[in-house]
Amino acid sequence: MKFSEEKNLSFMQMALDQAQLAQADGEVPIGCLIVDNQTSEIIATGFNEREQTQDAIKHAEIIAIEKACQKVGSWRLEHTSLYVTLEPCPMCAGAIINSRIEEVIFGAYDPKAGSVGSINNLFEEKRYNHHPDFLGGMLADDSASLLQNFFREIRRKK
């Protein structure tokens, strides 16, 4: 890992803060941030915006990747780490691979759509030309609780 465990926990907590912003907007509470590995600067944040935009691709990772590319002026996000509260889906894992993000740290595993270990692992697919390092399960209980409480509240309202 590029940073100490303490620093990783701090960044993951900030991703959880982004997830809470999503929840406050009525979105599924998933948050993300991208950090420059050389300076420890947060270069982008994002959270789910699918409900607000009615756009299927507005996942937290996609939004953060778009912002990071704009900030650095390149589609290549080499020397960066991405922190996200839920294991990336196939679309987001593909975007991470294509943007050359160096490592991914995520919270809860996603048995329904996770593509970094749960259903498959696109990061370990040998035929791709880029293979991000990854660590799953960081603050997983906090991430999972946020999601479970969000969906429990939706079911309660129905």
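**Notes on helix packing and aromatic pairs**

1. Phe11 is buried, as is Tyr83; buried here stands for a relative accessible area under 20%, exposed for over 50%, and partly exposed for what falls in between, computed with a 1.4 Å probe on protein chains only. A word on the basis before going on: this is a predicted model, in which local features need pLDDT of at least 70 and side-chain atom pairs count only at pLDDT 80 or more, while totals for chains, interfaces and linings use all residues. Residues are numbered from 1 along each chain as its sequence is written, and side-chain values use heavy atoms, leaving out hydrogens and water.

2. The structure has 5 aromatic pairs, a pair being two rings of Phe, Tyr or Trp (its six-membered ring) with centres within 6.5 Å; planes under 30 degrees apart are called stacked, over 60 edge-to-face, and the rest tilted. Phe11 and Tyr83 make a tilted pair, because their planes stand at 50°, with 5.2 Å between the ring centres. Phe11 belongs to helix α1 and Tyr83 to strand β3, so this pair ties together parts that are 72 residues apart in sequence. Helices (H or I, at least four residues) and strands (E, at least two) are DSSP runs, numbered from the N terminus. With Phe3, these two residues form one aromatic cluster.

3. Phe150 and Phe151 also form an aromatic pair, an edge-to-face one, with 80° between the planes and 5.1 Å from centre to centre.

4. Two packed helices are described by the angle between their axes and the distance between the axes. For α1 (residues 5-24) and α5 (residues 140-157), the axes come within 11 Å and cross at roughly 5°. Axes are lines fitted to C-alpha atoms, for helices over the stretch in contact, and angles run from 0 to 180 degrees between N-to-C directions. The two helices are therefore roughly parallel to each other, given that angles under 35 degrees count as roughly parallel, over 145 as roughly antiparallel, 65 to 115 as roughly perpendicular and the rest as oblique.

5. Which residues make that contact? Asp142, Ser143, Leu146 and Phe150 of α5 meet Leu16, Ala19, Gln20 and Gln23 of α1, contact being heavy atoms within 4.5 Å. The contact residues divide into 4 nonpolar, 3 polar and 1 charged. In this scheme Ala, Val, Leu, Ile, Met, Phe, Trp, Tyr, Cys and Pro are nonpolar, Asp, Glu, Lys and Arg are charged, and the others, Gly among them, are polar.

6. Leu146 is buried at 14% relative accessible area; setting aside neighbours within four places in sequence, Leu146 contacts Leu16, Ala19, Gln20, Gln23 and Pro29.

7. Helix α3 (residues 60-72) has 13 residues and reaches 18 Å from first to last C-alpha, close to the 18 Å expected at 1.5 Å a residue; the expected span is 1.5 Å times one less than the number of residues. Its buried residues are Ala60, Glu61, Ile62, Ile63, Ala64, Ile65, Ala68 and Cys69, and they pack against β1 (31-36), β2 (42-47), β3 (80-86) and α4 (90-98). Just after α3, Gly73 has a positive phi of about 75°.

8. In α4, Cys92, Ala93, Gly94, Ala95, Ile96 and Ile97 are buried, and α3, β3 and β4 are among the elements covering them. His59, in the loop between α2 (50-53) and α3, is buried at 15%. Not counting residues up to four places away, His59 touches Asn48, Arg50, Cys89, Met91 and Cys92.

9. Lastly, which residues other than glycine take a positive phi? One of them is Arg100, near 65°, in the loop between α4 and β4 (103-108). Another is Ser40, at about 65°, found in the loop between β1 and β2; Ser40 counts as partly exposed at 26% relative accessibility.
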